[in-house]
Amino acid sequence: MAADAFLSSTLDGRRLVIAPAGEWIAQRAGEIEPLVDAVVRERPQVERVEIDARGLQRLDTVGAWLMERLRRNWADAGINTQIVQLAPHYQVLISEVAHSNLKKLERHRPPPPLRDALEHVGKGVADSADDL
């Protein structure tokens, strides 16, 4: 299967239809991911996005994450986004992936260097006071 056959997109008025096809499995991720990136970069101004999954032949967890990346790209921008025509036996997998990893990670910032230095001096002074 030619790489571009894994994913196509069609603009229909204010609706974008994205159609994954073939085997969206780990062994094909190297071919599919650049296509997902390209569709995400296009970002046409639309009111609705449909990911039409009727052309999927196989789907594993890696493929489900790639599809979820497509969905979240528009959903996070407030655009009504749905996966449609998904085979029933893939619905649980897609649902599990969609409900995973939703919490934004909080970045742990190290304390500023000046604070560390002052804390070190303060502890030294406090320790010296114990010696008096």
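**Entry 1: Asp52**

I looked up Asp52 and found it in strand β3. The model is a predicted one, and I keep that in mind throughout. Is Asp52 buried or exposed? Its relative accessible area is 12%. The cut-off for buried is under 20%, so Asp52 counts as buried.

Next I checked what its side chain does. The side chain of Asp52 makes a polar contact with the side chain of Arg54, at 2.8 Å. Then I listed what Asp52 touches, leaving out residues up to four places away in sequence. I got Val17, Ile18, Ala19, Pro20, Val84 and Gln85.

**Entry 2: the strand around it**

I moved on to β3 as a whole. I counted 4 buried residues among its 5, so β3 is largely enclosed by the rest of the structure. Which way do β3 and its partners run? With β2, β3 runs parallel, and 4 bridges join the two. With β5, β3 is again parallel, this time through 5 bridges.

I noted some facing residues. Val17 stands opposite Glu50 in β3. Arg15 has Arg48 of β3 as its bridge partner. Arg48 in turn stands opposite Asn80 in β5.

**Entry 3: strand β2**

I followed β2 next. How many of its 10 residues are buried? I found 7, which leaves β2 mostly covered.

I then traced its other pairings. β1 covers residues 7-12 and runs antiparallel to β2, with 6 bridges between them. In this pair, Ser9 stands opposite Ile18 of β2. The β1 and β2 hairpin has 2 residues between its strands. Gly13 in this hairpin takes a positive phi near 70 degrees. β2 also pairs with β4, in the parallel sense, over 4 bridges. There I found Glu23 opposite Arg58 in β4.

**Entry 4: a backbone angle**

I came back to Gln85, one of the residues that Asp52 touches. Where is Gln85? It is found in the loop between β5 (80-84) and α3. Its phi is positive, about 60 degrees, although Gln85 is not a glycine.

**Entry 5: the core**

I looked for the largest nonpolar core and found 26 residues in it. Those with the most contacts inside this core are Leu7, Ile18, Trp24, Val49, Leu59, Leu70 and Trp74. Which elements each supply at least two residues of the core? I listed β2 (15-24), α1 (29-42), β3 (48-52), β4 (55-59), α2 (61-75) and α3 (88-98).

**Entry 6: helix α2**

Leu70 is one of the buried residues of α2.

Asp60 caps it, with a side-chain oxygen 3.1 Å from the backbone nitrogen of Val62.

**Entry 7: the whole chain**

How many helices and strands does the chain have? I counted 4 helices and 5 strands. From the N terminus on, the order is β-β-α-β-β-α-β-α-α.

The chain has 132 residues, and buried ones make up 30% of them. I also looked at contacts between residues at least 6 apart in sequence. Of these, 77% join residues at least 24 apart. The chain exposes about 8,900 Å², and carbon and sulfur atoms supply 52% of this area.

Methods: Residues are numbered from 1 along each chain as its sequence is written. This is a predicted model: local features need pLDDT of at least 70, side-chain atom pairs count only at pLDDT 80 or more; totals for chains, interfaces and linings use all residues. Side-chain values use heavy atoms; hydrogens and water are left out. A nonpolar core is a set of buried Ala, Val, Leu, Ile, Met, Phe, Trp, Tyr and Cys residues joined through side-chain atoms within 4.5 Å. Buried means under 20% relative accessible area, exposed over 50%, partly exposed in between (1.4 Å probe, protein chains only). Two strands pair if DSSP finds at least two bridges between them. A polar contact is a pair of N or O atoms within 3.5 Å; within protein, one must be able to donate a hydrogen and the other to accept it, and residues adjacent in sequence count only if both atoms are side-chain atoms. Contact means heavy atoms within 4.5 Å. Accessible areas come from the Shrake-Rupley method with a 1.4 Å probe; for residues, only the protein chains shown count as cover.
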